Amino acid sequence: ASSALRQLSLSRSRDPKMRFAAILPLLFATARATELGDLSNEVVELQKELVAQKVILEDQEQRFHQLETNSSRRLQTAYLETATFNTEVTTIKSSLAQLFGALDSAWLCLCGALVMFMHAGFAMLETGCCRAKNASNVLMKNLVNVCAGTLGWWSFGWAFAYGSASTNGFIGWHGFFGFDMYTYDTRTGNITPVADCSYSDGCQSNMLSWFFQWAFCTAAATIVSGAVAERVKSPTYAVFAFFMTSFIYPVVVAWTWGGGWISSLFGVGVMDFAGSGIVHLCGGVAGLMGTIILKPRKGRFVYPEEFEAHNLPFVVLGTFALWFGWYGFNPGSTLGMHDSGTGALAAQVAMNTTISAATGGITVFVLRYFITKKYDVGGLCNGILAGLVSITAGCANMECGSAVLTGLLGGFVYQAASMLLVKLKIDDPVDACPVHGACGIWGVLAAALFDWGKGVDYFNGSGWSCSTNDGETACISGIGGTIIGSNAILIIMVCLWSGILSGTAFCILNLTGLLRISEEVEDTGMDSHHHSPPKAYAIGNPSTDGQTV
């Protein structure tokens with residue numbers, strides 16, 4: 001620059017072109033000095049930023065070392081040994097099993113209570129269908145049935161049904177009088193209510209199973225009560241109820257739900273999810289044998305109008321109570337509620353149950369209208385019950401369209417069986433045998449015919465997937481017809497077992513003269529002869545002379 005200035009001073013008197021040539025280097029030098037100054041400033045700024053980043057990095061490094069040395073903030077799984085890890089997983093699974101057990105217990109206690117409430121429905125329905133002069137006796141008989149049935153189930157029934165029937169395939173052999181319900185430590189006196197808790201199966205107690213299955217057992221016995229109403233002696237019926245719940249019904253359960261020989265028949269077992277055959281058919285056949293041996297009520301087929309239901313409101317109330325209780329009977333037969341799959345299955349069961357009941361009711365209602373040209377409320381009620389019994393076996397293995405068909409055909413089956421009993425002059429006051437017996441047979445067949453497995457070769461049963469062999473994933477083919485045969489054998493065996501044993505019991509009681517009431521009692525009514533007060537109803541206001549007006 002100084003050289004340029006000197007040249008500029010020396011050339012002041014020179015030509016203008018020469019002066020421009022001298023100034024040009026000066027301009028370039030000035031611009032370069034400015035650029036160098038700007039670059040220098042940028043370098044300084046970058047150095048400051050680097051210093052700041054270095055401080056941040058040093059701070060982060062210091063914090064990292066603090067976290068590393070702080071064991072309370074360390075991720076434990078990264079430092080666990082395999083044995084410790086497995087122990088903690090086992091602990092978590094055990095806790096989940098305990099939770100699953102609590103959920104299952106709440107579910108089955110609720111459903112068992114719903115099934116028990118069905119006895120109120122049976123009592124109202126049976127009382128309404130019978131004559132007013134026997135109303136108190138019918139109500140008492142239903143109460144006695146539950147009480148005597150409970151003692152029978154506690155003393156012998158549970159043991160025969162679930163006391164390791166799988167060992168001999170026929171009948172259980174331990175658990176009588178409530179023994180073996182839990183583990184008792186004789187040294188310390190401690191009681192372990194649940195012997196085994198499984199992560200996959202939950203954690204259920206024997207007491208839970210006892211309670212839920214007790215509700216089913218007493219329901220089977222109550223079916224007989226309706227069939228023999230208005231002419232059986234109450235103490236004698238109590239004896240039969242004890243026999244029914246302590247031996248007849250439990251053995252059928254042992255063969256099937258208890259793991260006996262029918263449960264593995266032909267390698268596929270049977271499909272009776274909630275008991276169309278095991279519960280309802282067993283009770284229906286026993287009721288049929290009882291009403292045949294007792295013979296009809298006096299004048300039943302001579303003056304049929306005298307034997308019409310005396311209280312239709314009771315009949316309707318009882319039907320609604322039974323329908324309500326059926327939501328414990330069928331959905332509760334999932335036997336658990338600890339995962340989404342089981343919950344979905346219970347919902348499917350509830351939906352099918354509802355659809356079949358409604359279809360059965362409308363079917364019988366329409367049929368009765370075509371036959372009598374009048375609206376038959378009692379027929380509508382029994383049609384609903386026919387639909388419920390029909391769907392009980394297959395509610396967990398068929399689609400809703402099949403449930404409609406099951407209820408529809410169940411209505412026809414009930415109506416045909418009811419008319420057949422009248423034709424044969426078999427007196428069933430509440431149509432218990434057509435509802436529970438005939439529709440029980442149809443329900444077991446429907447469960448096999450309408451199974452939602454693919455085509456006719458595959459069988460799903462009560463679940464969302466097809467049947468497989470143990471340890472395999474491939475579906476078993478060619479068993480669609482096998483399950484129909486298995487269910488047919490179930491029907492035959494239940495009819496034979498329940499029919500022969502209940503028929504024998506009723507015959508023995510009849511021969512002793514302890515089965516049927518006298519004609520005098522039958523004419524005037526059991527309430528006035530054996531009950532206090534002598535009438536179930538006190539309708540009207542008492543007059544001054546003590547008479548009811």
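This is a predicted model: local features need pLDDT of at least 70, side-chain atom pairs count only at pLDDT 80 or more; totals for chains, interfaces and linings use all residues.

Author: Residues are numbered from 1 along each chain as its sequence is written, and side-chain values use heavy atoms, with hydrogens and water left out.

Reader: What makes up the secondary structure of the chain?

Author: The chain has 15 helices and two strands. Helices are DSSP runs of H or I with at least four residues, strands are runs of E with at least two, and both are numbered from the N terminus.

Reader: Why is D431 called buried?

Author: Buried means under 20% relative accessible area, exposed over 50%, and partly exposed in between, with a 1.4 Å probe and protein chains only. D431 has 13% relative accessibility, and therefore counts as buried. Of the 549 residues of the chain, 45% count as buried.

Reader: Which peptide bond is called cis, and how do you know?

Author: The bond from S532 to P533 has omega near 0 degrees and is cis. Most peptide bonds are trans. P533 is in the segment after α15 (526-530).

Reader: How do you know that the span of helix α8 is close to the expected one?

Author: The expected span is 1.5 Å times one less than the number of residues. Helix α8 (residues 312-329) has 18 residues, and its 25 Å from first C-alpha to last is close to the 26 Å expected.

Reader: What do the buried residues of α8 pack against?

Author: Contact means heavy atoms within 4.5 Å. The buried residues of α8 include W323, W326 and F329, and the buried residues of this helix pack against α3 (82-129), α5 (206-227), α7 (276-294), α9 (340-372) and α10 (377-392).

Reader: What makes N311 a cap of α8?

Author: A polar contact is a pair of N or O atoms within 3.5 Å; within protein, one must be able to donate a hydrogen and the other to accept it, and residues adjacent in sequence count only if both atoms are side-chain atoms. A side-chain oxygen of N311 lies 3.1 Å from the backbone nitrogen of F314, and N311 caps the N-terminal end of α8.
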